[in-house]
Amino acid sequence: MKKIWNIGWKVVLGIFFLLILFIFWMSPRLGGLIAMGKDQVDTTIYPLRFDYDKSANIKLAYRDLSQEADYVYLRETYKLDSIVQHCHTEFEQIAAIQSWVQSRWVHDGENVPEYQDAVYILREAEKGRRFRCVEYATVAQQCLASLGFRTRQLSLMIRDIAEVKWGGGHVVNEVYMTDLQKWVFIDPQYDAIIIHKGVPMNAIELQACLVNGDDFELLNPNSLISKEDYKSWIAPYLYYFTVSLQKGPTTVWDRIVGNKRQLTLYPIDAEQPAYFQKMIRLNTAIYTHAIQEFYPRVKQ
């Protein structure tokens, strides 16, 4: 009996030890309880190489959501049609909605809402709550989708995302403009749209523009940041680019089993990062170098 008891305790201790190892494997900083990692991000602007010839194996699909009940409710509740009623082009509509969303609250990089829902976030903002870049992107995305635009959140990460303690990620949007047949980068936190030679750019075009030192126009109606300051600020984040493959948030279970819920565009010869700021294991993305895979044409 004593022998069985000793074996039982050894099994329990072994399971406990494996559990501790697994927890640290998933989050070396235990969700931020342990202060480890670099304090400063790498601000170098690296030339990035991608595959422009490879055809898409993964088909990203973006459909019109404007007639779904939640989006109709959002559009009617916040009278979004009135915000764009005097706009003559898609570009003007996008800019008008983004400026309106940015003006709803003051940025707070720590406050996380209970729900990633535009109506909920806007109502909480009316009570004085402040939110992150994630929520600016969420609200702008859903408002634009309610007006018939194909939109997506774009998560950006710096080159040394696996090594820093904080400040390694930013969330923006890309919106598909049917008249230009291209995706366009917008940054709702700063009310920023970047234009080069009269054409708004996507995130990859913006990164190349910064690397080459090309001049561009910063459309910033709410006058939140200068062009030079925005260039310095956004440049390090333009290294890893991630969009969702599936609707809904990535759960703990997804991370435990490695369900593939995102598509990440990363440069040729770059590493696939193991962690987000040593807090979250990055194992739920499919990685690609292919521009055609990441930037699909949208059928109307």
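On a 1 Å grid over the protein atoms alone, a cavity is a set of points where a 1.4 Å probe fits but cannot get out. Grid points are joined across faces, edges and corners, and a volume is the space filled by probe spheres set on the points. The structure is a predicted model, in which local features need pLDDT of at least 70 and side-chain atom pairs count only at pLDDT 80 or more, while totals for chains, interfaces and linings use all residues. Residues are numbered from 1 along each chain as its sequence is written, and side-chain values use heavy atoms, with hydrogens and water left out.

A search of the whole structure finds 1 cavity of 30 Å³ or more. The volume of the largest cavity is about 70 Å³. Its lining residues, those with an atom within 4 Å of a point, are D42, T44, I45, Y46, L48, I158, R159, Q207, A235, P236, L238 and Y239. By class, 8 are nonpolar, 2 polar and 2 charged; Ala, Val, Leu, Ile, Met, Phe, Trp, Tyr, Cys and Pro count as nonpolar, Asp, Glu, Lys and Arg as charged, and the others, Gly among them, as polar.

The helix packing comes next. Helices are DSSP runs of H or I with at least four residues, numbered from the N terminus. Axes are lines fitted to C-alpha atoms over the stretch in contact, and angles run from 0 to 180 degrees between N-to-C directions.

Helix α5 (residues 118-126) and helix α6 (residues 133-146) have axes that come within 9 Å and cross at roughly 125°. That makes α5 oblique to α6, where angles under 35 degrees count as roughly parallel, over 145 as roughly antiparallel, 65 to 115 as roughly perpendicular and the rest as oblique. In contact (heavy atoms within 4.5 Å) are A118, I121 and L122 of α5 and E135, T138, V139 and Q142 of α6. This contact has 4 nonpolar, 2 polar and 1 charged residues.

Helix α4 (residues 90-102) also packs with α6, at an angle of about 140° and with the axes 10 Å apart. The two helices, α4 and α6, are therefore oblique to each other. From α4, Q93, I94, I97, W100, V101 and Q102 meet Y136, V139, A140, C143 and L144 in α6. The contact of α4 with α6 has 9 nonpolar, 2 polar and no charged residues.

Helix α2 (residues 69-77) packs with α6 at about 95°, the axes being 9 Å apart. That makes α2 roughly perpendicular to α6. Here Y71, L74 and R75 in α2 meet Q142, C143, A145 and S146 in α6.

Methods: On a 1 Å grid over the protein atoms alone, a cavity is a set of points where a 1.4 Å probe fits but cannot get out, and a pocket is an open set with protein on both sides within 12 Å along at least five of seven lines; lining residues have an atom within 4 Å of a point.
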